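Hi everyone, thanks for coming. I'd like to walk you through one model today, and please have the viewer open while I talk.

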Amino acid sequence: MPSPAGPSPAEPPPRPAGPSPAEPLLSPAGPSSAEPPPSPAGPSSPEPPPSPGLWQALRLRRYLRSVWPWRATLYLLTSVPLGLATLTALLLLAVAGSALTVILIGIPLLLTLVLAGIPLAVVERHRLRLLDPRPLAPAHREPDGTGLSAWLRTRLQERATWRELGYALLFALVLWPLEALAAGTALVVCGGLMAAPLMLAASGGEEARVLKIWLIHSYPPACAALLAGLVLLPLFAYPLGILAAGRAVLTRQLLSAPGAGLDSRLRELGRSRMRLVDAFEAERRRIERDLHDGAQQRLVALSMTLGLARLENPAEPLAGLLTKAHEEAGVALVEIRELIRGIHPQVLTDRGLQAAVEDVADRSVVPVDMDFDLPDRLPQAVETAVYFAVCEALANVAKHSGAVHARVSGRTERGRLVVEVWDDGTGGAGTRDGTGLQGVADRISVLDGHLLVSSPPGGPTVFRLQVPLSPADTRT
């Protein structure tokens, strides 16, 4: 059935561009018309930049006079008890879980081992604020349901859980020993040198061993050691600051959700597109209701008035004019009823997709067989989109295919609605050149659905729709 030059009356005018006919038509990934327009007052004023983190502070001359060296040292020192606790917990869970697996008690322990990175990541996100004022958002999504089983299923399927487990292993085995060595060396060297006079005084002025290396017997060498410690203290501040800043960067990289910004953007685009679909359908229903309750009722009243006027046996030529006006009112009434049915049929609202498609098939000039196996009702957006898609397909069958027989089938499989329109016509249908089928593809793509058209020359033509049954998920 060759595609028509334009859409049928049952379908709004299509957008002019679209994918090729043989490919699934997916929802676009880029920005769409769902984006809100910019404020008429002009671009908003830029937000003030956050307070500088450790990397920025290291470039400042006043770094040694600021609190950043102490915060870097505190960050490295707090890694020691946290690392020891993490290493101990991982070892206990691994050993006990492996040993007790044979009696099934170890399975929950091994499961806890897999999830051990989650609480560590929470602590690390808070500790990171010592060095970087930018918050690090959690990388986990909300569970698909309620209860412990839903939570466990969601966490075990997430990449973030396994990334956090890898971070926990790296932290427990490598990172905290290096940080303890660096911070401990700086503190021991500087503290040991600066404590030389106190150590000498504690020994009664006789002798003191500085850093367990050399002996001093008088206060001049002890004061020299004190001055050396004070000189080395700022010299150690920069290496410790660089180490802590690099550690913060590594933590942010490993605990950030990969592509979190892009995923959030896509979800917002999906929600905005679904809001547009809902607004469009609400406006369509309003127009249908206004025509049904307003213009159609006035035409009915006009037709009745003209009919009563004819019964009064007026003289010619007034009788002929009344007859003609009565006929024209009847034609207008038929047309407006068809228009109302094309905007949004009442049977679709009252009885669902299957009954609405059967009504269209009964009115088709080409005999149509029905083979539907659907639940009682489907999501409203799915019913509306698929109904108008089937209307467009059957209109093409009647107008362009030369078919003598058609079939419409529908079923649900693996959470999707699959509808096929088959005809034995001449083939050659497609979605190119801005045809009505392109409008169908655009409507279905908003619901993350696919349109496939198989129409080789000589036929037959198969028009296949696949639409997820939970389009509302994109709004959450």
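What you see is a predicted model. The protein has 476 residues, and 38% of them are buried. How many helices and strands does the secondary structure come to? It comes to 14 helices and 7 strands. Now look at the contacts with a separation of 6 or more: 73% of them join residues 24 or more positions apart.

Let's turn to the helices, starting with α2, which covers residues 68-100. Its partner here is α4, residues 117-127. The axes of α2 and α4 are 12 Å apart, at an angle of about 175 degrees. Angles over 145 degrees count as roughly antiparallel, so α2 and α4 are roughly antiparallel to each other. Which residues meet there? From α2 we have Y75, T78, S79, L82 and T86, and facing them from α4 are L120, V123, E124 and R127. By class, that contact of α2 with α4 divides into 4 nonpolar, 3 polar and 2 charged residues.

Stay with α4 for a moment, and bring in helix α6, residues 159-194. The axes of α4 and α6 are 8 Å apart, and the packing angle is about 75 degrees. That falls between 65 and 115 degrees, so this pair is roughly perpendicular. On the α4 side you can pick out G117, I118, L120, A121, E124, R125 and R127; on the α6 side, T161, E164, L165, Y167, A168 and F171. This contact of α4 with α6 holds 7 nonpolar, 2 polar and 4 charged residues.

Is T86 buried or exposed? Its relative accessibility is 11%, so T86 counts as buried, the cut-off being under 20%. Beyond its neighbours within four places in sequence, T86 is in contact with L120, A168, F171 and A172.

The crossing of α12 past α13 is right-handed. In α12, the residues involved are L353, A356, V357, V360, A361 and R363, and they meet E383, V386, Y387, V390, C391 and L394 in α13. Here the classes come to 10 nonpolar, no polar and 2 charged.

Also in α13 is V397. With a relative accessibility of 2%, V397 counts as buried. V397 and V365 are 32 residues apart in sequence, and their C-alpha atoms are 9.3 Å apart in space.

Last topic, the cysteines. C391, from the α12 and α13 contact, counts as buried at 9% relative accessibility. C190 is buried too, at 2% relative accessible area. And how many disulfides does the structure hold? The number is 0.

Terms used: Residues numbered from 1 in each chain as written. Predicted model: local features only at pLDDT ≥ 70, side-chain atom pairs only at ≥ 80, totals over all residues. Heavy atoms only, no water. Disulfide = S-S within 2.5 Å. Buried < 20%, exposed > 50% of the residue type's maximum accessible area, 1.4 Å probe, protein only. Left-handed = near helix turned anticlockwise from the far one by under 90°. Helix = DSSP H or I, 4+ residues; strand = E, 2+ residues; numbered from the N terminus. Contact = heavy atoms within 4.5 Å. Nonpolar A, V, L, I, M, F, W, Y, C, P; charged D, E, K, R; others polar. Axes fitted to C-alpha atoms, helices over the stretch in contact; angles between N-to-C directions. Parallel < 35°, antiparallel > 145°, perpendicular 65-115°, else oblique.
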